Amino acid sequence: MSGAAHWPTGLPGALDTAIDAAAAPGGPFHPATGARLDAREEFPAEACAVLDGCGTARAYVPAELGGASGGLPELVAALRTVARRDVTVAVAHGKTFLGSVPTWVAGTDEQRRTLARRVLAGAVVSWGLTEPGHGSDLLAGELTAEPTADGGWRLDGAKWPINNATRGDLISVLARTAPEGGPRGFSQLLVDKHALAPGTWSPLPKEPTHGIRGADISGIRFTGAKTPADALTGRPGDGLDIVLRSLQLTRTVCTSLSLGAGEHALRLAHAFAAGRAMYGTTLLRLPLARRVLGRAAASLALADAASLVAARAAHHLPGEMSVVSAAVKAGVPEIVQLAVDDLVELLGARGFLTEHHAHGAFQKLERDHRIVAIFDGSTAVNRVSLINQFPVLARLHRKGAYDAEGLAATVTAQPVPPVDAGALRLFSRTGCSVVQALPAAAERLAALAATGALPRRVPELAAALAAEAAAVADAMAAPRPAGRGTPPEAFEAARRYERCFAGAAAAHLLLADPGDQPRAGSLTAALERALELLRPGHEAPEEAYEPMLETLAEPAKELIP
């Protein structure tokens, strides 16, 4: 509805058609059905079956193993399509990708082929990282995997809270394999629950949650559970490395949930504004409402650009994903949440009603979306990951160094190669080409605008964005006090870097295809919004977001109260 750079088709298009059909009254995707399941905290099994029927599992499997050919961009687009109807369903079904990634990243050829067959046949995979009392501190994990006499492993301990821990067929588990723990003291195992002896594992109860109430957020406890030797993924002691590299892919995919939730919120708010009579006209025609809707659409265009570039970067700039994935996992949910917050003010009380307006769809998506920020590492965890790479990012930004070939492939609509898992790095040696190339992109955009090929404000916006990125680089280079922890200003610099990344993504996409006028208008609005977010107190010109209203589809009549 508002996407500025949403290229993939194929599976997303098939899902769109199937979900529309399933959204008829009484269908599994009808808002009333979702509201009823949410109130009962009931798993959306019928909606997940619709996704199964579309072959969604193919998007969870690498193309070279029989999966979909579009890679991460197609997966992000597919889950976004689901999330724009119901975030809970996207979370419930998409977990299989998250649970499978450690095997895609570090498994042997045989392990990868075996898991691919299982996933394509409908197996549900979960990922057991967190444990009671330890949160995101993975090095504090107590679940153990001890070698057995026959070469296998014995598992003891619990994982909680875990998505699909109870409903899943397999679970990828991070286990302590060295008593002393430490970075080399953990290993990754893929455990087939159906192959475990009775009584050696048990589910932990489903946990009530504020959002995604119907998802299987539960846990699992192992008591002397024995698995074969080939359950081990990678080498003993590689567990933490595998997890951190896997998270670079899963964090990127999580942006799909935010994009879908934001689109749903905008659609609901636009429909309400179109049908709400006020002052002899409709709310949609009033300047303040138009500003709020246009700005929200621009926020989504900005988040969309960041997400698309990040998903393609996994294929073309894999060595930089430690920066890219952290930037979008922290930045995209926050940008979208700001838009949702604006829209709920426009809706007023209807944004909080559970029954009387659009079956409570807005309050449900708002609750669901707030959970996204803590998936696969909270916002703070991702910002710490960025902060740890500040010295390299600052130095390379000042040098103006970037991977021109990789960046060019990232921002153009061409087929993606397989993700080179071996090229994923815990720390980027080349920084972040998307941001580091921003000054050069600003110069090229100015030259294009001078020919009349781009909106007149583009050069000013791009230059201002480049100036903000330079200021952030200076902040990243500032020495930090020793022995006093991470100062608040470092977290603020990380937040600003995330917004610079999103704005830079929009600039590069605009430069890659300036001839697409509607897309150019959306990306220009995205640049306006990026600058607003980077400069407190700055407001885009009155007319800046007005064109975004033209990109909104006609409001669905069933959503107008």
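## Basis

The model is predicted: local features need pLDDT of at least 70 and side-chain atom pairs count only at pLDDT 80 or more, while totals for chains, interfaces and linings use all residues. Residues are numbered from 1 along each chain as its sequence is written, and side-chain values use heavy atoms, with hydrogens and water left out.

## Arg495 and helix H17

Arg495 lies in helix H17, residues 488–512. Helices are DSSP runs (H or I, at least four residues), numbered from the N terminus. In H17, 19 of the 25 residues are buried.

Beyond its neighbours within four places in sequence, Arg495 contacts Glu334 and Arg383; contact means heavy atoms within 4.5 Å.

## Helices H5 and H6

The axes of H5 (residues 87–106) and H6 (residues 109–120) come within 10 Å and cross at roughly 165°. Axes are lines fitted to C-alpha atoms over the stretch in contact, with angles from 0 to 180 degrees between N-to-C directions. H5 is therefore roughly antiparallel to H6 (angles over 145 degrees).

H5 contributes Thr96, Ser100, Thr103 and Trp104 to the contact, and H6 contributes Gln111, Arg112, Leu115, Ala116 and Val119.

How values were computed: Helices (H or I, at least four residues) and strands (E, at least two) are DSSP runs, numbered from the N terminus. Buried means under 20% relative accessible area, exposed over 50%, partly exposed in between (1.4 Å probe, protein chains only). Angles under 35 degrees count as roughly parallel, over 145 as roughly antiparallel, 65 to 115 as roughly perpendicular and the rest as oblique.
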